Amino acid sequence: MVIKMRHDKKEKIDIVLKYLPSIFTSLAEKDTDSLCEIRLRADRPVALVFSGRTDYITKSGRLTGFYSSDLFSFSRTEIEEIFIRLCGYSVHSLTDNIADGFITLDGGIRIGVYGTAVVRDGKITSVRNVEGLNIRIPAEYKGCALPIYNRLFRGRMTNTVICGAPMSGKTTVLRDLCRLISDEEHKKITVIDERCEMSGYDLGINTDVLKNYPKAQGIGIAVRTLSPDAVICDEIGSVKEAEELCTLVNCGVKFIVTMHCSELYELKRRPQFNLLSEAGATEACVFLNEKDFTVKKILMNRS
């Protein structure tokens, strides 16, 4: 059974509203359980992305599903002001995260940031003239990972890659799976929480969380110092991270990770997955349906 945590979602929205102008105040009084994103784009209407629909805010503060000249928008200057508030008036201290395209608020609320990139030696070092913010509203759905837990982790441990398109609920499922394995199997879990999106949730009584650690380094530190039964990472995106996972497996430690893709043929195009596969490290691949946290299929490595 999936237990939908409505109060948790409201708490996240309340955190976000502290940084936004009063025109958003009405959101605190509405049923926003299905709100996924608040998208702020300079000189374009504010968009509220719900599960299955997109609404806009009128200049009087009402929500509407229709596009018109009466919709509320922010100027570039106003977007910059909101961005600075979200950074706690300390943009410089978050330069590395901003260069990677995001900042994170308390409670695992990730905010996508874009504007004009400053590039040095082929690498983005900062972002100036911020023009857009994508505020993602996370939620806790206890029980959403039960199908995966029952198939792959009840009474055993399985090296697993959880796959899905953006907004399919990979991180939400990963949190719940961590909690189940930690509490029900009494396994020692280490979470490498590079973007601080896993923290602030119930991850289980036997879970250690390394916040802000780069994944590749965090994996090595976990093995050397925390003796985990399994390491959990969200969004494995580089070959270096995959190499560390192979080292992890060679030390007798299991892994559970996520990757962006919706089908097996897309997954096989990713060099980090191919490295894991060629090393014989991947035992199961889970594919999620879009936007509802449910399992589309589970593929087992029979070799």
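In which sense do strands E11 and E12 pair, and over how many bridges? E11 and strand E12 (residues 207–211) pair in the parallel sense, over 5 bridges. The model shown in these views is predicted, so that local features need pLDDT of at least 70 and side-chain atom pairs count only at pLDDT 80 or more, whereas totals for chains, interfaces and linings use all residues. Residues are numbered from 1 along each chain as its sequence is written, and side-chain values use heavy atoms, with hydrogens and water left out.

View 1. Helices (H or I, at least four residues) and strands (E, at least two) are DSSP runs numbered from the N terminus, and two strands pair if DSSP finds at least two bridges between them. Thr 190 stands opposite Asp 208 in E12, while Ile 189 has Ala 230 as its bridge partner in E13.

**View 2. Side chains of strand E11.** In a regular strand the side chains alternate between the two faces of the sheet. From E11, Ile 189, Val 191 and Asp 193 point one way, and Thr 190 and Ile 192 point the other way. Here buried means under 20% relative accessible area, exposed means over 50%, and partly exposed lies in between, with a 1.4 Å probe and protein chains only. Because 5 of the 5 residues of E11 (residues 189–193) are buried, the strand is largely enclosed by the rest of the structure.

**View 3. The loop between strand E13 and helix H7.** Glu 235 is found in the loop between E13 and H7, and Gly 237 lies in the loop between E13 and helix H7 (239–250). Glu 235 counts as buried at 18% relative accessibility, whereas Gly 237, at 54%, counts as exposed. The side chains of Glu 235 and Arg 195 are joined by a polar contact of 3.5 Å; a polar contact is a pair of N or O atoms within 3.5 Å, where within protein one must be able to donate a hydrogen and the other to accept it, and residues adjacent in sequence count only if both atoms are side-chain atoms. With contact taken as heavy atoms within 4.5 Å, and not counting residues up to four places away in sequence, Glu 235 touches Arg 110, Arg 195, Lys 215, Glu 241, Thr 258 and His 260. The C-alpha atoms of Gly 237 and Asp 193, which are 44 residues apart along the chain, are separated by 14 Å.

**View 4. The largest pocket.** On a 1 Å grid over the protein atoms alone, a cavity is a set of points where a 1.4 Å probe fits but cannot get out, and a pocket is an open set with protein on both sides within 12 Å along at least five of seven lines; lining residues have an atom within 4 Å of a point. The largest pocket holds about 590 Å³ of space. Its lining comprises 34 residues, of which Cys 36, Arg 136, Met 167, Thr 172 and Phe 293 lie nearest the centre. Strand E2 (35–41), strand E3 (47–50), strand E4 (53–57) and helix H5 (170–184) are the elements that give two or more residues to this lining. Met 167 is found in the loop between strand E10 (160–164) and H5; Met 167 counts as partly exposed at 26% relative accessibility, and its phi is near 75°, a positive value in a residue other than glycine.

**View 5. The largest cavity.** The largest cavity contains about 80 Å³ of space. Its lining is formed by Ile 192, Asp 193, Glu 194, Arg 195, Glu 197, Met 198, Lys 215, Asp 234 and Glu 235.

**View 6. The second largest cavity.** This cavity has a volume of about 70 Å³. Strand E9 (141–142) and H5 each supply at least two residues of the lining, and H5 provides the largest share, 4 residues. Among the lining residues are Tyr 141, Lys 142, Thr 172, Arg 175 and Tyr 201.

View 7. Ser 227 is found in the loop between helix H6 (215–225) and E13. Phi of Ser 227 is near 40°, a positive value in a residue other than glycine, and Ser 227 is partly exposed, with a relative accessible area of 44%.

Technical notes:
Grid points are joined across faces, edges and corners, and a volume is the space filled by probe spheres set on the points.
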